[in-house]
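Subject: Structure handover

Hello,

Here is the structure I promised to pass on. Please open it alongside this note. What I found follows below.

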Amino acid sequence: MEKQSTTDTRVRCRPIGDADLEAVADLLARGFAPRPRAYFLDGLRRQAGRAVPDGLPRYGYLLETGGVPVGAVLLIFTGRSGEAGPRCNIASWYVDPPYRGHAAMLSSMALRNKQATYLNVTPAPSTWPILEAQGYRRYCSGLFAAFPLLSLIGAGRRVETVAPGTTAVAGLDEAEARLLGDHAGYGCLSLVVRGPDGPSPFVFLPFRMRSGRIPLPVMQLAYCRSVEDFVAAAAPLGRALALRGRFAVLIDAVGPVPGLAGIYTERRGRKYVKGPGEARLADLTDTELVIFGP
């Protein structure tokens with residue numbers, strides 16, 4: 001009698017663990033070419049060092065068969081003071097083609113927490129109608145490319161740089177100071193602008209936006225208390241960024257930003273939220289854009 005194979009070919013879904021990071025990076029690099037493997041592995045390692053609310057997955061979920069990952073969804077959970085439930089950025093969702101019939105398993109696991117507010121900050125245009133049919137709400141319609149160096153607003157204010165690992169900043173509460181220090185450690189530029197009305201915190205994400213074949217160095221505004229705070233400090237921020245070779249700042253927006261010179265587009269930058277909480281403009285902290293990179 002022929003011996004029956006003991007190889008387990010069932011597809012199962014489970015949380016991603018520390019031992020899975022190399023294999024998950026391989027999978028995602030295969031699914032999101034030309035993103036290099038190092039892009040995903042570096043981001044996963046940053047996730048490994050983050051604080052995650054109790055009982056929630058640190059990395060997300062994977063599909064596997066025979067011990068080999070064939071699908072994954074990354075989840076970036078954050079607990080926020082004053083919010084009823086956690087916030088979660090859903091990122092890098094991929095399933096190998098032969099196993100896409102099992103993708104619903106990932107979906108049900110990723111969205112199982114009904115107290116969480118889910119963000120999708122990098123949706124492909126082809127997925128916009130799908131997200132809206134699934135109950136996601138659009139909170140950002142596009143991007144405003146601002147040129148703060150052209151502004152005179154806020155002249156005379158002083159700009160300070162916050163170093164990676166900083167946990168205390170004069171005039172800021174502990175949570176906000178730690179946010180600036182953590183994001184400086186992710187490769188962002190964290191600044192504090194000091195003026196007569198007190199300190200205002202800012203986080204900028206550096207990347208290169210392509211205009212034709214020419215990559216233009218710009219900054220994305222990843223955090224401030226409100227877009228109005230950026231407008232109020234535009235002149236000193238413009239000078240500080242220009243010294244670093246960055247002359248344009250991309251701001252999540254629903255239209256042109258009053259008080260700033262720039263260009264608004266809806267060709268890119270749309271963002272969605274789902275769940276009991278809300279999302280706001282000028283807050284991309286603890287999302288894939290800062291932890292993995294643009």
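**The cores**

The largest nonpolar core has 41 residues, and Val24, Leu44, Leu74 and Phe292 touch the most other members. A nonpolar core here is a set of buried Ala, Val, Leu, Ile, Met, Phe, Trp, Tyr and Cys residues joined through side-chain atoms within 4.5 Å. Buried means under 20% relative accessible area, exposed means over 50%, and partly exposed is in between (1.4 Å probe, protein chains only).

Helix α1 (residues 21-31) gives the largest share of this core, 6 residues. Helices (H or I, at least four residues) and strands (E, at least two) are DSSP runs, numbered from the N terminus. Val24 touches Ile16, Leu44, Leu62, Ala72 and Leu74, leaving aside residues up to four places away in sequence. Contact means heavy atoms within 4.5 Å. Another core lies apart from it, with 24 residues, among them Leu191, Met219, Phe230 and Val231.

In α1, the buried residues are Leu21, Val24, Ala25, Leu27, Leu28 and Ala29. Their cover includes α2 (37-48), β2, β3 and β4. In soluble globular proteins, nonpolar side chains tend to be buried together.

**How to read the model**

The model is predicted: local features need pLDDT of at least 70, side-chain atom pairs count only at pLDDT 80 or more, and totals for chains, interfaces and linings use all residues. Residues are numbered from 1 along each chain as its sequence is written, and side-chain values use heavy atoms, with hydrogens and water left out.

**Overall**

The protein has 8 helices and 14 strands. Its radius of gyration is 21 Å, close to the 19 Å that the globule rule gives for 294 residues, so the protein is as compact as a globular protein of that length. That radius is taken over C-alpha atoms, and the globule rule is 2.2 Å times the number of residues to the power 0.38. The C-alpha trace spans about 90 × 40 × 35 Å along its principal axes. Of the 294 residues, 51% are buried. Among contacts with a separation of 6 or more, 69% join residues 24 or more positions apart.

**The seven-stranded sheet**

An open sheet of 7 strands runs in the order β1-β2-β3-β4-β5-β14-β6, with mixed pairing. Two strands pair if DSSP finds at least two bridges between them. At the edges stand β1 (11-15) and β6 (137-140), each with a single partner strand, so one side of each has no neighbour in the sheet. From one strand to the next, the twist averages 30°. Axes are lines fitted to C-alpha atoms, for helices over the stretch in contact, and angles run from 0 to 180 degrees between N-to-C directions.

Strands β4 (residues 87-95) and β5 (residues 117-120) pair in the parallel sense over 3 bridges. Asn89 has Leu119 as its bridge partner in β5. Helix α3 (residues 103-110) packs on the sheet and touches β1, β2 (60-65), β3 (68-78), β4 and β5. The direction of α3 makes about 170° with that of β4.

His102 sits in the loop between β4 and α3. It is partly exposed, with a relative accessible area of 32%. His102 touches Val11 and Leu63, again leaving aside residues up to four places away in sequence. His102 and Arg12 are 90 residues apart in sequence, yet 8.8 Å apart in space, C-alpha to C-alpha.

**Strand β7**

All 5 of the 5 residues in β7 (residues 142-146) are buried. Gly142, Phe144 and Ala146 point one way, and Leu143 and Ala145 point the other way. β7 runs antiparallel to β12 (residues 249-253), joined by 5 bridges. Leu143 has Asp252 as its bridge partner in β12. β7 also pairs with β13 (residues 262-265), antiparallel, over 4 bridges. There, Phe144 stands opposite Tyr264.

**Cysteines**

How many disulfides does a search of the whole structure find? It finds 0 (a disulfide is a pair of cysteine sulfur atoms within 2.5 Å). For Cys88, the nearest cysteine sulfur is that of Cys13, 14 Å away. Cys88 is buried, with a relative accessible area of 0%. For Cys188, the nearest cysteine sulfur is that of Cys224, 13 Å away. Cys188 is buried as well, with a relative accessible area of 8%.

Best wishes
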